[in-house]
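Let's take a walk through this model, one region at a time. Have the sequence and the 3D view open as you read.

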Amino acid sequence: MPFQDWDHPQKIEFNWRKTTSIPSSINFLLKIRDIIGEPEAVGYTDFEFRIFGSASWLTLSGDFTTGTYYPISTTGMTGNISLQPTSLINTFNSSQKYASYILQVTGKSPEDITNGTRTILSFSLLNIYLNVYAYEQPILTPYLLPFTHYHQTLVPDFQEMNVDAIGSWGIFLPGTSDRYEVNVISGDLLVEVLTIYGSTTKKISGNGSGVFEIRPSQVYLDSLTVGSFSDVISFGFNPDWYNFISNLTIDILEPIDILATPAALSFYAIKTILEAPIQALNIQALYDFTLEFPIWAVPSVTSGVVGSNDIDVGVVPSDAIDAGTYTGNIIVSYDNGNGIQQFLIPITYIVDGFIILPYSTTEFNFTLDNKFVSFYSDLENTFFDMLMNIKVFDFFTGLETIFIIPLKIVLLRNRQKENIGLKIHRVMKRILELDFSSQKIYKTCEVDITVEEKDLETKEVQRDFTLEKVKFIAGISPKSIIDGMAILSIYDGPTRVLVDSIQTINLLIKAGSYVVQIIVNNTMSMTYSVSGQDYNVIMDQIDFSSLEIKPGDVIEYRLYTTLVNYLSKTFYVFPDNVESLRVVWEDEYKLISSLQFTGDYKVISDFDIRTFKKYKDLVEIVENIKTDKEIKLSLNTGFILKSEQILVESLVRSRRAWLVLENQNIELIPQTKSMINIDSSRELNSYNLEFIINRTSNEEIYNF
C-alpha cells in the first residue's frame, strides 16, 4: 500500500454578508499522515492523532473533534470533517477573521513513558478564513485574475468571475468595448456597449448573484508589446459608490512555436499494486503538428492544430513491462516555413517492483545513510525472506571475508520498510594496526541481495528478486560528491594545521589515475597523482614541513576528478605552541582522521590498591595483595577554529584513538563525558579531552 501523507484543503474560506443566513458548512475528507513503520517513528510506541485549536466563531465536527486523542493502529487513516461558522459572527463588523487548527501525530518514547509526556512526530496546519461584508456590498471574486499570453499567438482561455450580490450592481470594464471578451455563465446578467464621452466601453450589470467569464481580446493582445500590463475594474452597486479593484493582469511573453504545459511528464507505478494515473498535457502551437510517443506511452491523440490542444497521456499497465526507469521524449514535429522542426517534451516512467531499493547499482552507497528498503504486496498472507551475501575486505591486505545475513520481513497492511545499511556497516572490517605507509586502504564492500515473497502457511515462493554487486562504503554520504568521488570526512570545513603537521586525507575514488595539486596562497606549490585501481578507498597524506609555509598561510588540497572538476580541502596554518602532539582516531568512515593538539597535557596514574588486614604478634598489620594501575591522558586541543568542533566531537565519539609519537603509537580510549560547545565569555575555542591509555605491559610508564 503506498505511503499516505497529510491531505486536506490548504485554505478554507467562508464569505458572509451581514444580516444574512449563516454560511453553510464546508465538508472535506482528512487524510492523516502514515507514521507506523516510518523512519521518524523508530523508538516510539502508542501513536495517536489529535486536532489542537479552537475558534469562538467556528465549530469543527465529524469523525474527529478537537482535544481528543485518537489511537493510530494502522496506516491509511482518514476521517470526514465538517466546519460550520456559529451565530457569533453576527457580532462582527466588515472584516476578515482567521482561525487555524494544528493536526498532530504523536508517539511515546521510553523517556515520554517515564515522564508522562508525548512527542509530536508530524503535524499539519488547517487554515480557515471568514470574510465579512456589509449587507448591501456586492462581492466580486477572485480578487486577482492573471493572464499569460505569448506574443502574436491565439488568445488565452476564458477565466470565470463570480458576483455575490443582493440587488442591482454594475461593472465597467476598462478601455474601449473591444478590449475584453465577456460571456454570461449564469444569473440575471446583461453585457452591453455604452458610449461615454464619445468612446465606447463595455458594462456588465445584474440583479443578484451571477457568474461570467472574461479574457483579453485578440485585437487588444496584438496591440501590446512584450511586458506586463494591468487593468482596473470599476465595480459597485449604485452610481455614487464604486470599489476600484486592480485585478486584471496580463503578462506578454516572447512568442514561441510550441508551448507545452507541463514542460515534462513523469509517471510512477508499483507493479500490480499502484498504477500511474493519466495526465493532462496542453500544447499551444503556432502551426499544425504531429506527435510521436515512446512505445510505453498511451496518448489520446497523435496530432494537433494551431492554437490550444488538450491531450491526455497515459502509460501501459505496470505488469506489461519490467520494473525500471524508462525515459524518452514526446516529439512534436511541425513546419514553420523553414522546413520540419522538432520540439521535445521529456517523459519518464518509473516502475518499481514489489521491492524498492534506494541504493544505486552503478555508484557507491553509504552504510549509515538513513535509507530503507521498501516491501509491497498485493497478495494476502505473505511475508518476505531476504538474504544478503556480503563480501568485505581487510584493510591494506584486501583479504576477502563473506558474511551471510538472513532477514524475515513481516508486512503490516501489505507494506514494510527495512534498513540494511547498518547491518552491513557492522560486519565491515576495521583497521587492526596503524599503517601510514600504505596508500591503499580497502576495497569496496559488495552485497548480493536475494528476496523471496512466500505464502505464510505453505512457505511456497510467490515471486523473487535478485540484485548483485551493490557497492557500499562505510559511513554517511559526504556533503560533496563530484563525478562519483569524494573526500571521506564528517567535516568539510577548513582545518587548523602547524608548519610541521602531517595530515591524512581519505579519498573515495574510481579506478584510474588522478591529479592532485597543493596550492599555497593561490600559488601552485606541488602536483602529483594518486590512483585507486582495485582499491576505491585510499589515504593521501600532506607533510606540511615539506612545504615552504608560515603561520597565516592558506593551503588548498585539490583532487581533480576530471580536467576541470575537482574536490577541495582547505587548511589554515596556525602559529606553533610549546606543545605539539598528533592524535589520530577511527572516524565514522572506519578510517583515520587526525588532529594536532597544541595545548597542555597531563599523564595521570590512578592506583587501585587492594590490602588485607591480619594480626601478627597480637598487632593488626596490613599487607598489600595487589596494586592495579590505570593511566589517563588529559589533552588540551589548543586554540582551534570554531567549526572544528565537529572534528573534536568525532574524536570523542570514537571507539579507538592513538597518540602518534616518533617511535611508537600509543592506543587511547576516549573518556570525555562532556564538552562546552558554546561559551559566550570565550573569544577563542579550545577543548580539554580525557583518554585512558591502553598499555602494552602492566609495568609500562609513559614520559613523552
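## Confidence

What is the mean pLDDT of the protein chain, and what share of its residues reach 70 or more? This is a predicted model, and its chain has a mean pLDDT of 86, with 97% of residues at 70 or more.

Start with Ile270, which belongs to strand β18 (residues 265–270). Its relative accessible area is 1%, so Ile270 counts as buried, given that the cut-off is under 20%. Setting aside neighbours within four places in sequence, Ile270 touches Ser318, Asp352, Gly353, Ile356 and Tyr376. Pro138 is another matter: 132 residues separate Ile270 from Pro138 in sequence, and their C-alpha atoms are 51 Å apart in space.

Ser333 sits in strand β24 (residues 324–335). Is Ser333 buried or exposed? Ser333 is buried, because its relative accessibility is 10%. Beyond its neighbours within four places in sequence, Ser333 has contacts that include Asp288, Phe289, Thr290 and Glu292. Ile340, Gln341 and Gln342 are also in contact with Ser333.

Next, a bit of sheet architecture. Strands β26, β28 and β31 make an open sheet of 3 strands in that order, with antiparallel pairing. The edges are β26 (355–356) and β31 (415–418), each of which pairs on one side only. Strand β28 (residues 373–376) pairs with β31 over 4 bridges, and Phe375 has Gln416 in β31 as its bridge partner.

Gln517 stands opposite Thr527 in β39. The two strands form a hairpin with 2 residues between them, and Asn521 in the turn has a positive phi of about 50°.

## A helix and what it packs on

Which residues of helix α4 (residues 645–653) are buried? They are Gln645, Leu647, Val648, Ser650 and Leu651. The buried residues of α4 pack against several strands, among them β36 (495–497), β43 (581–586) and β44 (592–597). β47 (657–660), β48 (665–670) and β49 (688–694) are packed against as well.

Against that, Thr261 and Pro262 are joined by a cis peptide bond, with omega about 0°. Pro262 is in the loop between β17 (258–261) and β18, and β18 is the strand that holds Ile270.

Two lysines have positive phi values. Lys459 has a phi of about 65° and lies in the loop between β33 (445–455) and β34 (461–473). Lys590 has a phi near 60° and is found in the loop between β43 and β44. How do they stand on accessibility? Lys459 counts as partly exposed because its relative accessibility is 47%, whereas Lys590, at 9%, counts as buried.

## A nonpolar patch

Last stop, the surface. Ile120, Phe123 and Leu125 form a nonpolar patch there, with about 300 Å² of accessible area together. Leu125 is part of strand β8 (residues 119–133), and its relative accessibility of 38% makes it partly exposed.

Technical notes: Residues are numbered from 1 along each chain as its sequence is written. This is a predicted model: local features need pLDDT of at least 70, side-chain atom pairs count only at pLDDT 80 or more; totals for chains, interfaces and linings use all residues. Side-chain values use heavy atoms; hydrogens and water are left out. pLDDT is the predictor's confidence in each residue, from 0 to 100. Buried means under 20% relative accessible area, exposed over 50%, partly exposed in between (1.4 Å probe, protein chains only). Contact means heavy atoms within 4.5 Å. Patches are made of residues with over 30% relative accessible area and no salt bridge: like charges are joined within 9 Å, nonpolar side chains (Val, Leu, Ile, Met, Phe, Trp, Tyr) within 5 Å. Accessible areas come from the Shrake-Rupley method with a 1.4 Å probe; for residues, only the protein chains shown count as cover. A salt bridge is a side-chain nitrogen of Lys or Arg within 4 Å of a carboxyl oxygen of Asp or Glu. Two strands pair if DSSP finds at least two bridges between them.
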